[in-house]
Amino acid sequence: MTNIFDEQLTKTHSSLRTIDWKNNIVIMIDQTKLPNKLEYVEFSDYHDVANAIKNLVVRGAPAIGVSGAFGLALAALQSKAKTKEGLLEDLGKARKVLFETRPTAVNLAWALDRIMMVAKEGKDVPTIKESVINAAKKMAEEDVQTNKKMGKHGAELFENNDTIMTHCNAGALATVGYGTALGVIRATKESGKQIKVIATETRPVMQGSRLTAFELKHDGIDVSLIADTAVGYVMAKGLVTKVIVGADRILRTGHVYNKIGTYQIALIARQHKIPFYVAAPLSTFDLKSNPEDVIIEQRKASEVTAVAGKKTAPDDIGVINPAFDMTPPELVTYIITEAGIAKPPFVESIKKLFE
Ligand code: RUB
């Protein structure tokens, strides 16, 4: 693993580019260093990509999906197999390592399965290697296009002078580029409407203050940061007109899994009659599972007992640290996707999105 600082890469895109593939190497922004340093890391071994997903170097549902796909592309290049069967076996092992990194965002399994399918269709070792790399690269490009489509649909829901609350980071940094919830915010601004954003800092690992605030400032979008505990205050004061968040998994019933804290924001928004929108690509939908099947990732205690590496709790304190929560469909106003906007009743509207 090497570090490079390459501002050029960022400048070639109107918004940040989170992951790229160049000369058979995966390049990604090290999100653990933001906002203090914009640093890129390079990987040529899929095990390093798996560790990067686990340690939040790259995070956000679509971004970890594409990272998984690039991880499989690296595994294909790393494989010394001489036969199709041998290569598929190596890819199967890599799939398992990459899949086991984070359990909640369904985009990871979606992306890995899509690449495995491409591999199985190939006729021999060189064509499989080539087609796996091309499919991963295509997936990355599609991600940006998907977000732009989502942005267009979503922008219609916002008005001039809206103040939009968002949680966690569902932006360029959670995707390959442009973003889902922040993509809708970008598209609203690009359509000429004046908007402001309120970002929650998103404890415990601060994706809101470290990433969303950084990203929106980078793009010149008016953003104010609040502590997570200030959500009720700002909503009760009438300072928020709409909420938009991303998602890690959406069930066919409209149950939305997203960063811990999303559920309480949805509850307070409902109390104050503020529309609560979710923006996510179709790859975030899990049409098979029921709520009891979804695994909520539990992360290490030190994320809660320390802030920026500094201890803020007594030693050996018990900690509960779920990374995600579930917002029930009755608290969700609309779900914005690249295929259009799903409105309640979600069982019917989500089904239509896939037809
Ligand atoms: C990320 C998170 C984001 C969604 C965004 O959590 O909860 O809101 O992944 O997804 P983490 P999308 O930082 O722990 O990965 O971009 O599809 O809306």
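1. The largest cavity holds about 190 Å³ of space. A cavity here is a set of points, on a 1 Å grid over the protein atoms alone, where a 1.4 Å probe fits but cannot get out. Grid points are joined across faces, edges and corners, and a volume is the space filled by probe spheres set on the points.

2. This is a predicted model: local features need pLDDT of at least 70, side-chain atom pairs count only at pLDDT 80 or more, and totals for chains, interfaces and linings use all residues. Residues are numbered from 1 along each chain as its sequence is written, and side-chain values use heavy atoms, with hydrogens and water left out.

3. Where does the ligand sit? The ligand is in the largest cavity. The test is that more than half of its atoms lie within 2 Å of the grid points.

4. By class, the lining has 10 nonpolar, eight polar and four charged residues. Ala, Val, Leu, Ile, Met, Phe, Trp, Tyr, Cys and Pro count as nonpolar, Asp, Glu, Lys and Arg as charged, and the others, Gly among them, as polar.

5. Around the ligand there are 21 residues (a heavy atom within 4 Å). Arg102, Thr180, Asp248, Asn258 and Lys259 are the closest. The shell divides into nine nonpolar, eight polar and four charged residues. Helix H3 (61–78) and strand S10 (256–259) each give at least two residues to this shell. H3 and S10 also each supply at least two residues of the cavity lining. Helices (H or I, at least four residues) and strands (E, at least two) are DSSP runs, numbered from the N terminus.

6. Now the polar contacts (pairs of N or O atoms within 3.5 Å). The side chain of Asn258 has an N or O atom 2.7 Å from a ligand oxygen. For the side chain of Asp248, the distance to a ligand oxygen is 2.8 Å. Gly60 uses a backbone N or O atom, 3.0 Å from an oxygen of the ligand. The protein covers 100% of the 460 Å² of accessible area that the ligand has on its own (Shrake-Rupley method, 1.4 Å probe).

7. How many cavities of 30 Å³ or more are there? The count is three. Among the residues that line the second largest cavity are Pro204, Lys259, Arg299 and Glu303. Its lining has five nonpolar, two polar and three charged residues.

Note on methods:
A polar contact is a pair of N or O atoms within 3.5 Å; within protein, one must be able to donate a hydrogen and the other to accept it, and residues adjacent in sequence count only if both atoms are side-chain atoms. On a 1 Å grid over the protein atoms alone, a cavity is a set of points where a 1.4 Å probe fits but cannot get out, and a pocket is an open set with protein on both sides within 12 Å along at least five of seven lines; lining residues have an atom within 4 Å of a point.
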